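Q: I have a model open beside its sequence, and I would like to learn how to read its features one at a time. Could we go through it together, with the general idea placed before each case?

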Amino acid sequence: MVRTTSGVCRVGLLGLGTVGAAVAEILLRRRNEIAARAGVTIHLHRVAVAHPERARGITLPDGVLAADARGLLDDPDVDVVAELIGGIEPARTYVHTALARGKAVVTANKQLMSTRGEELRAAAAAGGVDLFFEASVGGGIPVIKAIQEALAGNRIHQIMGIVNGTTNFILTRMAHDGLGFGEALAEAQRLGYAEADPRDDIDGHDAAAKLAILASVAFNSRVVGSDVYREGIGQVTPRIIGYARELGFVVKLLAIARDVNGAIEARVHPALLPARHPLAAVLDELNAVLIEGDPVGPVVLEGRGAGGGPTASAVLGDLIDAARNRSTGAAGRLGYMAGARRRIREMAESVLAYCVSLEVVDRPGVFARVASAFGDEGVSIASIVQKSRGTTADVVLVTHEASEAAMVRVVARLRALDVVAAVPAILRIAA
Ligand SMILES: NC(=O)c1ccc[n+]([C@@H]2O[C@H](COP(=O)([O-])OP(=O)(O)OC[C@H]3O[C@@H](n4cnc5c(N)ncnc54)[C@H](OP(=O)(O)O)[C@@H]3O)[C@@H](O)[C@H]2O)c1
């Protein structure tokens with residue numbers, strides 16, 4: 001562990017994009033304020049980028065934007081490295097190099113932490129240096145440290161989050177303004193909430209990566225993005241959202257991780273939430289995470305989950321933490337005790353209530369045949385709504401709790417019925 005004795009902590013910034021530029025700007029503009037609060041001056045010492053010649057909306061002091069990443073990592077004066085490049089390589093190599101040289105690392109990189117988090121946290125612990133990654137989940141929402149520090153005395157049962165702002169924005173516009181998926185996506189792209197290629201968000205990959213990070217911290221076990229069951233919001237339509245509303249639900253893309261008798265259930269999918277649930281009121285591009293722990297009970301954290309400013313807030317908090325730890329000789333104090341690896345449950349093991357939407361032929365006897373598809377698999381129906389649409393009808397059924405495996409068989413039976421024209425959506429219900 002390296003201790004800063006000079007009262008100055010020198011930061012090396014890797015990346016000066018959306019997040020890096022916001023971090024640099026605040027470090028420069030609020031230098032005195034941050035020093036007063038942190039008890040240490042946090043000095044922007046060096047910045048490395050991929051294209052140093054590129055024009056930028058920020059003016060750095062002379063000589064700061066001077067070196068490539070290797071030069072920054074080789075610089076013995078850099079105390080803390082903020083990795084704000086993104087992606088796996090070269091970010092992973094750079095983080096390892098920094099840690100091996102006794103530098104603390106702060107990263108916002110969910111791709112890296114959701115795939116290599118365990119190896120990096122172990123490397124930091126072995127070297128007695130800090131590795132902080134608050135910004136990798138939920139942008140400005142302080143959720144990682146809440147779990148690691150303020151809630152450290154709890155046994156966490158469940159984490160349920162809206163951790164992707166793009167999909168929350170799209171679902172909000174569909175629900176509140178009646179937009180179709182394509183229109184809502186186009187608006188999200190116009191406002192900068194969605195990438196030109198939005199698949200990472202729409203298909204749930206981004207949320208799955210964030211859930212893996214949250215679950216690994218909450219359950220002290222290795223969870224990677226590919227452990228998370230994943231469905232995107234492709235099957236959600238304004239009509240489904242309307243039927244859900246009639247039944248008292250809202251539709252959200254949820255990221256859920258649960259401790260089920262010591263095993264971990266981790267899933268991302270669109271789900272029906274009771275309209276009075278705290279996450280049901282999380283609108284537009286906002287994110288929120290509900291943590292349920294013993295003895296604390298439910299804790300909800302809500303805020304802006306992306307964007308330069310909110311993400312910089314989390315990075316700055318981590319930088320200040322790292323600087324304080326170095327000045328007090330407390331670096332590595334969070335440590336990393338990899339617990340025994342817990343089993344990751346298969347989705348087929350989940351037991352949930354479901355909402356199934358069907359298009360059926362509108363004639364007598366259809367209900368009985370549909371109901372028997374459920375009954376034959378031991379799945380009981382809690383409520384049914386039917387809307388006639390001329391020769392066809394929409395039928396929306398809500399089940400009592402059933403195993404996912406049984407529901408898969410029910411859906412196969414429904415699809416085989418000649419009276420069922422389509423099964424447009426099967427949405428799980430979250431409570
Ligand atoms: N943007 C958000 O809202 C947000 C929210 C949460 C987390 N994050 C995470 O924050 C990280 C940064 O995201 P961002 O949106 O700021 O990305 P970005 O705007 O694309 O910026 C990336 C920066 O990294 C630099 N870079 C790329 N390769 C490099 C290399 N090999 N060596 C040195 N610099 C290199 C780029 O240099 P040039 O400028 O010269 O090309 C650029 O300045 C990612 O891990 C992302 O997932 C972002």
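Predicted model: local features only at pLDDT ≥ 70, side-chain atom pairs only at ≥ 80, totals over all residues.

Q: Where in the chain do Phe169 and Tyr193 lie?

A: The pair links distant parts of the chain, since Phe169 belongs to helix α7 (residues 165-177) whereas Tyr193 lies in the loop between α8 (181-190) and α9 (199-202), 24 residues apart. Phe169 is buried, because its relative accessible area is 2%, while Tyr193, with a relative accessible area of 31%, is partly exposed. Helix α7 also contains Thr167, which is buried at a relative accessible area of 1%, and the side chain of Thr167 makes a polar contact of 2.7 Å with the side chain of Asn164.

Q: What sits over the ring of Phe132?

A: The charged end of Lys145 takes that place, at 4.7 Å from the centre of the ring.

Q: How many disulfides are there?

A: A disulfide is a covalent bond between the sulfur atoms of two cysteines. In this model the count comes to 0 disulfides.

Q: Which residues are closest to the ligand?

A: The ligand is surrounded by 22 residues, and the closest are Leu16, His51, Arg54, Arg56 and Gly307. A backbone N or O atom of Leu16 is 2.8 Å from an oxygen atom of the ligand, and a polar backbone atom of Thr18 lies 2.9 Å from a ligand oxygen atom. With Arg56, by contrast, a polar side-chain atom is the one that lies 2.7 Å from an oxygen atom of the ligand. Taken alone the ligand exposes 900 Å², of which the protein buries 76%.

Q: How far apart are Ile42 and Asp321 in sequence and in space?

A: Ile42 and Asp321 are 279 residues apart in sequence and 11 Å apart in space, C-alpha to C-alpha. Ile42 is part of strand β2 (residues 41-48) and is buried, because its relative accessible area is 2%. For Tyr354 and Ala150, the values are 204 residues in sequence and 35 Å in space, again C-alpha to C-alpha. Tyr354 belongs to strand β12 (residues 351-361) and counts as buried at 1% relative accessibility.

Q: Which peptide bonds are cis?

A: The angle to read is omega, and among the cis bonds is the one that joins Glu89 and Pro90, with omega about 10°. Pro90 is in the loop between β3 (80-83) and α4 (91-100). The bond from Asp294 to Pro295 is also cis, with omega near 20°, and Pro295 lies in the loop between β10 (286-294) and β11 (297-304).

Q: What is the phi of Asn261?

A: Asn261 has a positive phi of about 50° although it is not a glycine, and it is found in the loop between β8 (249-260) and β9 (263-274). At 80% relative accessibility, Asn261 counts as exposed. Asp284 likewise has a positive phi, near 55°, and lies in the loop between β9 and β10, where it counts as partly exposed at 26% relative accessibility.

How values were computed: Residues numbered from 1 in each chain as written. Heavy atoms only, no water. Disulfide = S-S within 2.5 Å. Helix = DSSP H or I, 4+ residues; strand = E, 2+ residues; numbered from the N terminus. Buried < 20%, exposed > 50% of the residue type's maximum accessible area, 1.4 Å probe, protein only. Lys NZ or Arg CZ within 6 Å of the ring centre and 35° of its normal. Near = heavy atom within 4 Å. Polar contact = N/O pair within 3.5 Å; in protein donor to acceptor, adjacent residues only side chain to side chain. Areas by Shrake-Rupley, 256 points an atom, 1.4 Å probe, with all protein chains shown as cover.
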